[in-house]
Each structure stands twice: as structure tokens, then as C-alpha cells.
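Here is my note on the fold, the core and the charged pairs. Please read it with the model open.

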Amino acid sequence: MSEFCNLACVHCPYEIVTKLKGAQRKNLDPDLHTKIVSEIVEEGMPHCRFVRYTGDGEPTLHPKLPQMIADLKNRTGIQTNLTTNGLLMTQARAEAYLDAGVDVFDISIDAFKEETYRQVRVNGELADLLVAVRLLLAENKKRGKPAKIVVSFVHQPLNEGEADDFRAFWNNEGVDFVVIRDKHSCAGEMKETAQEMWSTAPTQRTPCRYPWERLVVKPDGKVVFCPADWYHKAEIGHVKDNTIGEIWRGEKMQALRQAHVTNRLENHSFCRQCPDWQVIPWPGQNKDYASMMKLFQNRDVKAS
């Protein structure tokens, strides 16, 4: 959605990739978003299960985001997820996103202690985050809890030992789901993490689920097959030139899926360098993201 961010998180490539673009950074063109929504209406339903607003920066920095989400919801009714660091949430924004129809707010936090938060989520303050999330929780409760509130924690050295306290604290605050994730290497681009992951990798590589699960539209309109691709190395099309359906069914995606099934990645260097398949569970193996979203389609569910 956006190539702008208000933080400099240590586990994110933003500072070494996207921020360096400077004035060339983009927000997704609302007209391209309208085109995507039209394609979902015409061809994607009921195959498109949910739309997640996230990306190479902080999506709530997109000035048209509430209107774009409202357009998607009004025209499709599809389950909608907003993934955010939460720090920019104000009363007006909480009302706007709830009015737009956001179904799931996924708030990335990654720390229980204040000093850890400052170290992991550089330029952020945990006290400010608590005010923002509590504001959202209160507004959502006032409306009868139409949305689910999720908080997430990515395991890493700086927050070691804080996961249990994090889970207990946020469950007590009344969130609907606490996600504890393993750290990944951003498709091999975070070299130190990738090296650590390869050193303990199983002998037999298993297929990554992403080629069967999702497509990612970048803020510049390029389409990639991997949500961890910060360098556009996984590019397979552009929403100006092709429909989402054409890209999804296209020769590049078919070849990629076959390469993963047969573990023949010689012609797919982006995937070959990536050790993250180890921490990307298939449905039924673990609490994967798509299964969580499906779980939330039952409005009465509460889990952690």
C-alpha cells in the first residue's frame, strides 16, 4: 500500500531498501486499487478469501486508505485485514477504519518491555502504542466488536524470553488473538538470519505455500508472488498490463508451482536462496495466517 514508514524496525529491510528510494517512494494509486476491486468482483469471487492491506511500509500513511477499504467492502463484502504498527491510530482514524469495514486489525508490536520496544521498533514508544491500541479496542467495543483485534510478536534475540508475558498482557487487555511468529529472513535478504536458518534446515526441502496462496501488489503496481520480496525479484506482472486472474493462472506461476512441488529450483534463484519455507506452515500444520483469518469468519470465536 505504501512505501513510507514512521519506524525503523531492526528485523525489517525498510531502512536498507525502501527508505533509500527517497522521493521516488510511492503510495498505491487509488485508480489501480479500483481496477483490482473490479477484477475481484468480475472474476475473483468466491475464490478470493480475504484482502490484506500491508506492504513495504506503514499502510496507514496512505492518505486514501479508508476510502479504498470502504470501496472494497461495499463492492465485494470480502474479509479485510489491516496490518499496521498501530502508532498512528487516533480516535478519528479508528472511527474511519471501522466505518470503512475493516474486519481484522493486525498490530505488529514485538515486545513486552518498554526498552525492548525502543530497540526493536526504533522511533516508537510503547506507551504511545498502548494508548493507540486501547483507543481502538474501546471504539470497537462501543460498536459491538465488529472487528477482530490481533497483536503480533516476532521472535528475535532482542525480545528473547518476553513472549509469554506478551501473550498474557494482551489477552488481559482484551484482544482477540495473539500471534507469536518465528523470525524469517525476508526471503534470504537478511543475510545473518538466513545463514542461521540454513545451518539448522532439514535435509529435505518442502514446498513453500505462497505460490498457491497469495499475490502481492506493490505500491508501484508491480505484482510479486512472495510477501517477503523487498527488491522486486519475485515480480511476475503489473496490474496495469494484466488482470490478477491472468497473472495467477499464467505460465510463470504454473512453472513456479511445479518447481516447488518437484524441488527443482535451479531456474528460480529468488526461491532457491530463501530458507523461510521452514517457518511457513501449511494449513493444519500450525496456526498459519490464512487459517486465523478463516477462523475469524465465525464472529463469535476468540483464540490466542
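1. Terms and basis. Two strands pair if DSSP finds at least two bridges between them. Helices (H or I, at least four residues) and strands (E, at least two) are DSSP runs, numbered from the N terminus. This is a predicted model: local features need pLDDT of at least 70, side-chain atom pairs count only at pLDDT 80 or more, and totals for chains, interfaces and linings use all residues. Residues are numbered from 1 along each chain as its sequence is written, and side-chain values use heavy atoms, with hydrogens and water left out.

2. The sheet. Five strands make an open sheet with parallel pairing, in the order β1-β2-β3-β4-β5. The edges are β1 (50-53) and β5 (177-181); each has a single partner strand, so one side of each lacks a neighbour in the sheet. From one strand to the next the twist averages 20°. Axes here are lines fitted to C-alpha atoms, for helices over the stretch in contact, and angles run from 0 to 180 degrees between N-to-C directions.

3. Neighbours of β3. Strand β2 (residues 79-84) runs parallel to β3 and is joined to it by four bridges. Leucine 82 faces phenylalanine 105 of β3. Between β2 and β3 the chain passes through helix α3 (residues 91-100), and this β-α-β crossover is right-handed. That means a clockwise path from the first strand over the helix to the second, with the strands pointing away from the viewer. Strand β4 (residues 148-154) also pairs with β3 in the parallel sense, over five bridges. Here phenylalanine 105 stands opposite isoleucine 149, and serine 108 has serine 152 as its bridge partner.

4. Burial of β3. Is this strand buried or exposed? Five of the five residues of β3 (residues 104-108) are buried, so the strand is largely enclosed by the rest of the structure. Buried means under 20% relative accessible area, exposed over 50%, and partly exposed in between (1.4 Å probe, protein chains only). In a regular strand the side chains alternate between the two faces of the sheet. Val104, Asp106 and Ser108 are buried on one side of β3, Phe105 and Ile107 on the other.

5. Cores. A nonpolar core is a set of buried Ala, Val, Leu, Ile, Met, Phe, Trp, Tyr and Cys residues joined through side-chain atoms within 4.5 Å. The largest has 67 residues; Phe105, Ile109, Leu129, Trp170 and Phe225 have the most contacts inside it. Helix α5 (residues 126-142) gives the most to this core, with seven residues. A second, separate core of eight residues includes Val104, Tyr289, Met293 and Phe296.

6. Charged pairs. A salt bridge is a side-chain nitrogen of Lys or Arg within 4 Å of a carboxyl oxygen of Asp or Glu. By this rule there are 24. Lysine 21 forms one with glutamate 3, with the closest N and O atoms 2.9 Å apart. Lysine 21 is partly exposed at 28% relative accessibility; glutamate 3 is buried at 2%.

7. A pair in α5. Lysine 142 and glutamate 139 meet in a salt bridge (3.2 Å, N to O). Both lie in helix α5, three residues apart, about one turn of the helix. Lysine 142 is exposed at 62% relative accessibility, whereas glutamate 139 is buried at 5%. Salt bridges with shared partners join Asp99, Glu139, Lys142 and Arg143 into one network.
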